[in-house]
2 protein chains.
Amino acid sequence: MIIIDYKDTRPIYEQIVEKFKTLILRGVLQADEQMPSVRNLAMELSINPNTIQKAYAELERQGFIYTVKGRGNFVSGDGKLVEERKCECIQKILELAKEVLEIGMTKIELIREIEQLQV
Amino acid sequence: MIIIDYKDTRPIYEQIVEKFKTLILRGVLQADEQMPSVRNLAMELSINPNTIQKAYAELERQGFIYTVKGRGNFVSGDGKLVEERKCECIQKILELAKEVLEIGMTKIELIREIEQLQV
DNA sequence: TAAGTGTACCATCATAAATAGTACAGTTAG
DNA sequence: CTAACTGTACTATTTATGATGGTACACTTA
C-alpha cells in the first residue's frame, strides 16, 4: 500500500504522511478505519518504528487520524480536510499556471490540456 | 535581485538556483548577460562563496548558464529551456488537477479559476 | 603587474533524519 | 489474570547534507 522512494530527496516520514493523506482524501481509507500499527508497518517497510511514529504524529496533528491508546490509530472522518486540500491544490495550480502563461503559453492551450484530462 | 527566505526549508543553494531559473526563463536576465561573480553575490547575500558556487554549478549542469574561466558566468541563450520548463509546469498542473478532480471539484469550476487568472 | 574572474580542495560545524534500544501504560482476546 | 497486542516517551548514536571558513591555483583583463 505504501512504497518508499529512496531516490526521493524528501525524508521518509514525509513521504509516508503524503501517501496516507492521499489515500484518506481519495476515500481509499475510510472514516474510522484502523491504520496499520506502528510496529507492523515499520516491519513491512523495513524501517524504524520511530519513523512511522513521527509520520503518524504529523497526520494526527493535521487532523487526518486520531489515536486511541492501546487500540491503535484510526482514520478521521473530517469533511473540512477535503476542502482544505482543494484550496491547497488550486493555489498551487494557479501559481504554476501563472508561470507557464508568462513564458509564452496561452490560456486557450492550457485550458485545452485540462479539458483533455482523463479522470 | 535575489532574496533568501530563511523560513523556507529548502537549502539556500536550491533557492538561488530556482530564483535564477525564473529570472532567465522570464527574460529578466538575457542571453550572454554576465551573472554576478561568485564572490560579489556571496558578499551581497552575506553567505559563503561556496554556496553560490554550488548554485552556479547546478545552473550550468542544467544548461542555464555557461562559464568562461577567468571571466565569469554568463546566461545561456538556449531556447529549449523554455520548452522544457513549460512541459515541467504542465505536468505538475495536470497531476494536481487530477487530484483535485478526484476529490470532488468539477472541470468547469477548475477551468473557470484559470480563466479568471490575471497575468 | 594587480585585481578581478572561476575552480578545487579540506576541515569543521550545525542540523535534521533515521536508527537502535528500553521502558511504560492502556486494550483486548484467551 | 495473563499474554500479546496497541501507542508513547525517552535517550543515545549514527548518518547525511548543508553551510561555513580558509587556502591555493589558473585564467583574464585593465
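Four salt bridges link chain B and chain A in this predicted model. In one of them, the side chains of B:Glu99 and A:Arg85 meet, with 2.6 Å from N to O. Another pairs B:Arg85 with A:Glu99, and here the closest N and O atoms are 2.6 Å apart. This second pair crosses between chains, running from helix α4 of chain B to helix α4 (residues 80-102) of chain A. B:Arg85 has a relative accessible area of 7%. A:Glu99 has a relative accessibility of 12%. Both values fall under the 20% limit, so both residues count as buried.

Polar contacts also span the two chains. Eight residue pairs are in polar contact between chain B and chain A, with both residues at pLDDT 80 or more. On the side of chain B that touches chain A, the elements that give two or more residues are α4 (80-102) and α5 (107-115) of chain B. Helix α4 of chain B gives the most, with 15 residues. By residue type, this side of chain B divides into 17 nonpolar, three polar and 10 charged residues.

The interface was also described by contacts and by area. In chain B, 30 residues are in contact with 30 residues of chain A. The size of an interface is often given as the accessible area lost when the parts come together. Here, chain B and chain A bury about 3300 Å² between them. Carbon and sulfur atoms account for 76% of that area. Three residues stand out on the chain B side: B:Ile93, B:Ile103 and B:Ile114. They supply 19% of the area that chain B buries against chain A, more than any other three residues.

Salt bridges were then counted over the whole structure. Over all chains there are 14. One lies within chain A, where A:Glu18 pairs with A:Lys21 and the closest N and O atoms are 3.9 Å apart. Both residues lie in helix α1 (residues 12-25) of chain A. They are three residues apart, about one turn of the helix. A:Glu18 is partly exposed, at 27% relative accessibility. A:Lys21 is buried, at 7%.

A salt bridge within chain B joins B:Glu58 and B:Arg61, with the closest N and O atoms 3.0 Å apart. These residues are three apart in helix α3 of chain B, so about one helical turn separates them. B:Glu58 is partly exposed, at 22% relative accessibility. B:Arg61 is exposed, with a relative accessible area of 62%. Elsewhere, salt bridges that share partners join A:Glu18, A:Lys21, A:Arg85 and B:Glu99 into one network.

The whole structure holds four aromatic pairs over all chains. One of them is formed by B:Phe20 and B:Tyr56. Their ring centres are 6.0 Å apart, and the planes make an angle of 75°. The pair is edge-to-face, because its angle is over 60 degrees. B:Phe20 lies in helix α1 (residues 12-25) of chain B, and B:Tyr56 lies in helix α3 (residues 49-61) of chain B. The pair therefore ties together parts that are 36 residues apart in sequence. B:Phe20 is buried, with a relative accessible area of 0%. B:Tyr56 is buried too, at 2%.

Another pair is B:Tyr66 with B:Phe74. The ring centres lie 5.8 Å apart and the planes meet at 25°, so this pair is stacked. B:Tyr66 is partly exposed, with a relative accessible area of 31%. B:Phe74 is buried, at 7%.

Conventions:
Residues numbered from 1 in each chain as written. Chains lettered and ligands numbered in written order. Predicted model: local features only at pLDDT ≥ 70, side-chain atom pairs only at ≥ 80, totals over all residues. Heavy atoms only, no water. Contact = heavy atoms within 4.5 Å. Buried area = accessible area lost by both parts, 1.4 Å probe. Polar contact = N/O pair within 3.5 Å; in protein donor to acceptor, adjacent residues only side chain to side chain. Helix = DSSP H or I, 4+ residues; strand = E, 2+ residues; numbered from the N terminus. Nonpolar A, V, L, I, M, F, W, Y, C, P; charged D, E, K, R; others polar. Phe/Tyr/Trp six-rings, centres within 6.5 Å; stacked < 30°, edge-to-face > 60°. Buried < 20%, exposed > 50% of the residue type's maximum accessible area, 1.4 Å probe, protein only.
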